[in-house]
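Colleague: I am new to this structure and would like to be taken through a few of its features, one question at a time.

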Amino acid sequence: MSSPFAINGGACVAMVGKDCVAIACDLRLGLQSLTVSNNFPKIFSYGDVYLGLTGLATDVSTVSDLFRYKVNMYRLREERQISPQTMANLVSTSLYEKRFGPYFVSPVIAGINHKTGKPFICGFDSIGCIDFAKDFIVSGTASDQLFGTCEGLWEPDLEPEDLFETISQALLNAVDRDALSGWGAHVYIIEKDKVTKRLLKGRQD
Amino acid sequence: MRGATILKASDDKTKQLNQNTLMAFSGEAGDTVQFAEYIQANIQLYSMRNDTDLGPSAVANFVRGELARSLRSRKPYNVNLLLGGMDPITKQPHLYWLDYLASLAPLPYAAHGYAQYYCLSILDKHHHPDIDFEQGLKILRMCTDELKRRLPIDFKGMLVKVIDKDGIREIDYDMSKEVLPA
């Protein structure tokens, strides 16, 4: 019960649809069973790429700040936005640099590659091993529950509206079965030339 | 007044960082004051070099960075912090909660340690985003009364400071009146 991954709690999920991707997270920040904040988003945007970070809250902030710096430097050097695939490799190598004293985070990436137009999602362990997936990626203290709801609800080639409904129900119903996650959610639906961010209220217990 | 468990009954555990931000701290003896003075010095240095004060969010993120750096050093600072301030540009009040792991959260009301267990439920029930100063003091009184009633130790009263558009000031806060059982 003193795993650094489970002190603050939190959940994150990404899904692929037809020419779209979605990424969603809960909003809880806690200390064991005590909820400290119900407005702690775990998804950060880096141009066209979205990064979800669950785990130890201090490392969520540290890692999100680190990638803001790294992606800004990339954009200045290359004079273009970073692609999701490049971002995945950047996250992987950055995490492995801390192989013997890792950041206690489980990152999730979602985005659309603007060269190919193809949706892209992937997840990582805390030392940067990439988990490529064609369907969905889950992370956080509710990951067991998210695997269940995603396996049950997800189907191939969902349109953006249906993908929103699917990922929202998957997240909301997973976090209601986890004491360390919940208290509202952020949901991003990413299409070719449009990103929709929605705030979900969720159960406040 | 003084005894085996009480060394001082009137210790000011706050530091003013600049015109509009105040930092309250608790944690391991020695670490607290050392870290708070280090932060205060650096924030004051910034004000002198740039002829402008950092806003509350900039201060909070600076402090978080220093605490996060210390967390992965050989001997991390064991300090919990509350940062309050008025943004000099937007004139909006801000409160930041920062624990010894350097987890940063902007909050409408906050506490550290046992006070969280005793006070957050009261604040959940009575705090609204648009309360005025008098109503805020009333809720604070409910919190300190609850601490007096239920904390197993005598914490020797409270020091209350107010941050508003006119700056930072200490106010009289009478804790001599006996608190009745709930």
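**Strands and an interface**

Modeller: Please keep in mind that this is a predicted model. To begin with a turn, β7(A) and β8(A) form a hairpin with six residues between them, and within that turn A:Gly117 has a positive phi of about 75 degrees.

Colleague: Which residue is the bridge partner of A:Gly111 in β8(A)?

Modeller: Strand β7 (residues 105–112) of chain A pairs with β8(A) in the antiparallel sense, over five bridges. Within β8(A), the residue bridged to A:Gly111 is A:Phe120.

Colleague: Which residue in the turn between β8(A) and β9(A) has a positive phi?

Modeller: Strand β9 (residues 130–132) of chain A runs antiparallel to β8(A), joined to it by three bridges, and A:Phe124 has A:Ile130 as its bridge partner. The two strands form a hairpin with five residues between them, and the turn residue with a positive phi, of about 95 degrees, is A:Gly128.

Colleague: Why is strand β8 of chain A described as largely enclosed by the rest of the structure?

Modeller: Buried here means under 20% relative accessible area. Strand β8 (residues 119–124) of chain A is largely enclosed by the rest of the structure because the residues that are buried number five of the six.

Colleague: Which residue of chain A meets B:Arg72 in a salt bridge?

Modeller: Chain B and chain A bury about 1200 Å² between them, and B:Arg72 is, with B:Arg64 and B:Leu101, among the chain B residues that lose the most area to chain A. The count between the chains is one salt bridge, in which the side chain of B:Arg72 meets, at 2.6 Å from N to O, that of A:Asp59.

Technical notes. Residues numbered from 1 in each chain as written. Chains lettered and ligands numbered in written order. Predicted model: local features only at pLDDT ≥ 70, side-chain atom pairs only at ≥ 80, totals over all residues. Heavy atoms only, no water. Buried < 20%, exposed > 50% of the residue type's maximum accessible area, 1.4 Å probe, protein only. Helix = DSSP H or I, 4+ residues; strand = E, 2+ residues; numbered from the N terminus. Pairing = 2+ DSSP bridges. Buried area = accessible area lost by both parts, 1.4 Å probe. Salt bridge = Lys/Arg side-chain N within 4 Å of Asp/Glu carboxyl O.
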